[in-house]
Amino acid sequence: MSDTIETDKVVHLHYVLTDGEGKELDRSHGDEPLTYLHGHGNIVPGLEEALVGKKVGDELSVVVPPEKAYGARDGKQQKVPRSAFSAGADLRVGMQVMSRDEQGRQFPMWIAKLQGATVVLDANHPLAGVTLHFSVKVDGMRDATEDEKKHGHAHGRDGHGHHH
């Protein structure tokens, strides 16, 4: 078995994500690395591509253009009445909500603005159109279990545990 990152490896990494101005957008939390199953589309494509062949202990900086991250922005916004949400809902800008298309399929939208009795929803991911700057350190790696390969995602650092 290879000791480099490739499809069906479960990878543990620490990262800091910033935008082009150096503003921090996200990071792995404390001692807990991000754990993902490589080759299954669980992280942005540009970062996944850059990690191929890397080893435990490797540190890298990766610049990912929007096309290999969350895509370019488009004008898909829609206004819905506040009453479309449950009365006690704590709505915040940037919050993800699920919407349905005419065929009843669910898809995510994000709250772009709160304007009185109107909520403006945006079909673009909040990071659409943003060039992402990742600073990454590979913290660990192991072979995926058969269950993980079948499900297409990692089941935690040791391969056990599952979502319900």
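Predicted model: local features only at pLDDT ≥ 70, side-chain atom pairs only at ≥ 80, totals over all residues.

Reader: What makes strand 5 and strand 8 a pair?

Author: A pair needs at least two bridges. Strand 5 and strand 8 are joined by 5 bridges.

Reader: Which residue of strand 8 stands opposite Lys113?

Author: Val120 does. Strand 7 and strand 8 are also joined by 5 bridges and run antiparallel. At least two bridges are needed, so these strands pair as well.

Reader: What lies between strand 7 and strand 8?

Author: A turn. The two strands form a hairpin, with 2 residues between them. Gly116 sits in that turn and has a positive phi of about 60 degrees.

Reader: How do you know that strand 6 pairs with strand 7?

Author: Count the bridges again. Strand 6 and strand 7 (residues 106-115) have 5 bridges, in the antiparallel sense. The cut-off is at least two, so they pair. Arg100 stands opposite Gln106 in strand 7.

Reader: In what order do the strands of this open sheet come?

Author: The order is 5-8-7-6, with 4 strands and antiparallel pairing.

Reader: Why are strand 5 and strand 6 said to stand at the edges?

Author: Strand 5 (77-81) and strand 6 (96-100) each have a single partner strand, so one side of each has no neighbour in the sheet. From one strand to the next, the twist averages 45 degrees.

Reader: Why is strand 8 called largely enclosed?

Author: Buried means under 20% relative accessible area. In strand 8 (residues 118-122), 4 of the 5 residues are buried, so the rest of the structure largely encloses this strand. For the protein, 34% of the 164 residues count as buried.

Reader: Is Arg142 buried or exposed?

Author: Buried. Its relative accessibility is 17%. The limit is under 20%, so Arg142 qualifies. Arg142 lies in strand 9 (residues 132-143).

Reader: What makes the link between Arg142 and Glu148 a polar contact?

Author: The limit for such an atom pair is within 3.5 Å. The side chains of Arg142 and Glu148 make theirs at 2.8 Å. That value falls inside the limit.

Reader: Why is Asp8 called partly exposed?

Author: Asp8 has 24% relative accessibility. Buried is under 20% and exposed is over 50%. Asp8 falls in between, so it counts as partly exposed. It is found in the segment before strand 1.

Reader: What lines the largest pocket?

Author: Its lining has 13 residues. Tyr15, Leu17, Asp26, Tyr70 and Phe134 lie nearest the centre. Strand 1 (9-18) and strand 2 (24-27) each supply at least two lining residues. The lining divides into 10 nonpolar, 2 polar and 1 charged. The volume is about 240 Å³.

Reader: How many helices and strands does the protein have?

Author: There are 2 helices and 9 strands. Along the sequence the pattern reads β-β-β-α-β-β-β-β-β-β-α. The C-alpha trace spans about 55 × 40 × 30 Å along its principal axes.

Definitions and conventions. Residues numbered from 1 in each chain as written. Heavy atoms only, no water. 1 Å grid on protein atoms, 1.4 Å probe; cavity = no way out; pocket = protein on both sides within 12 Å on 5 of 7 lines; lining within 4 Å. Points joined across faces, edges and corners; volume = space filled by probe spheres on them. Nonpolar A, V, L, I, M, F, W, Y, C, P; charged D, E, K, R; others polar. Buried < 20%, exposed > 50% of the residue type's maximum accessible area, 1.4 Å probe, protein only. Polar contact = N/O pair within 3.5 Å; in protein donor to acceptor, adjacent residues only side chain to side chain. Axes fitted to C-alpha atoms, helices over the stretch in contact; angles between N-to-C directions.
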